[in-house]
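Reader: Before I use the labels on this model, I would like to hear what stands behind each of them. Please take me through the terms one at a time.

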Amino acid sequence: MADEQNLAQLEILCKQFYDANNHEEMATAEKTLVNFVHAPDCLPTCRLLLERGDSSYAQLLAATTLTKLVSELLKL
């Protein structure tokens with residue numbers, strides 16, 4: 001399960017992705033966030049981001065990720 005430090009790091013990455021002025025910074029954050037979506041602990045981390053996240057960007061990531069995962073399951 002994700003700890004507080006990992007949640008804080010995800011919040012920073014989300015802010016860099018959604019609010020970046022620098023294209024390189026945004027691309028780097030995007031690569032890391034794409035890996036997050038495919039991580040084995042993605043679901044519990046999304047839950048923690050929705051419950052404890054301070055950043056609306058991180059909550060958006062969690063909600064979008066959960067929506068994507070549920071949509072993929074419904075296609076099965």
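**Helices, burial and pockets**

Author: H1 counts 16 residues, and its first and last C-alpha atoms lie 22 Å apart, close to the 22 Å expected at 1.5 Å a residue. The model is predicted: local features need pLDDT of at least 70, side-chain atom pairs count only at pLDDT 80 or more, and totals for chains, interfaces and linings use all residues. Residues are numbered from 1 along each chain as its sequence is written, and side-chain values use heavy atoms, with hydrogens and water left out.

Reader: Why is Val37 called buried, and where is its place?

Author: Buried means under 20% relative accessible area, exposed means over 50%, and partly exposed is in between (1.4 Å probe, protein chains only). Val37 has a relative accessible area of 15%, so Val37 is buried. The place of Val37 is in helix H2.

Reader: What makes Phe17 and Leu69 partly exposed?

Author: Phe17, found in helix H1, counts as partly exposed because its relative accessibility is 22%. Leu69, in helix H4, is at 21% and so counts as partly exposed. Leu69 and Val37 are 8.8 Å apart, C-alpha to C-alpha, and 32 residues apart in sequence. Phe17 and Tyr57 are 40 residues apart along the chain, and their C-alpha atoms are separated by 8.8 Å.

Reader: Which residues of H4 are buried, and how do you know on which side they lie?

Author: In H4 the buried residues are Ala58, Leu61, Ala62 and Thr65. They cover an arc of only 95° around the axis, so they are on the same side of H4. The arc is that of the directions from the helix axis to the C-beta atoms. Ser56, Leu74 and Lys75 are exposed residues on the face of H4 turned away from its buried side.

Reader: Which residues of H1 are buried, and what does the arc say about them?

Author: Leu7, Leu10, Glu11, Leu13 and Cys14 are buried in H1. They cover an arc of only 165° around the axis, which puts them on the same side of H1. The face of H1 turned away from its buried side carries exposed Gln5 and Ile12.

Reader: What makes a space a pocket rather than a cavity?

Author: On a 1 Å grid over the protein atoms alone, a cavity is a set of points where a 1.4 Å probe fits but cannot get out, whereas a pocket is an open set with protein on both sides within 12 Å along at least five of seven lines; lining residues have an atom within 4 Å of a point. Grid points are joined across faces, edges and corners, and a volume is the space filled by probe spheres set on the points. The largest pocket holds about 200 Å³.

Reader: Which residues line the largest pocket, and which helices supply them?

Author: The lining consists of Phe17, Tyr18, Glu30, Leu33, Val34, Val37, His38, Leu61, Thr64, Thr65 and Lys68. Helix H1 (4–19), helix H2 (23–37) and helix H4 (56–75) each supply at least two residues of this lining.

Reader: How is the lining of the largest pocket divided by residue type?

Author: There are six nonpolar, three polar and two charged residues in the lining of the largest pocket. Ala, Val, Leu, Ile, Met, Phe, Trp, Tyr, Cys and Pro count as nonpolar, Asp, Glu, Lys and Arg as charged, and the others, Gly among them, as polar.

Note on methods:
Helices (H or I, at least four residues) and strands (E, at least two) are DSSP runs, numbered from the N terminus. The expected span of a helix is 1.5 Å times one less than its number of residues.
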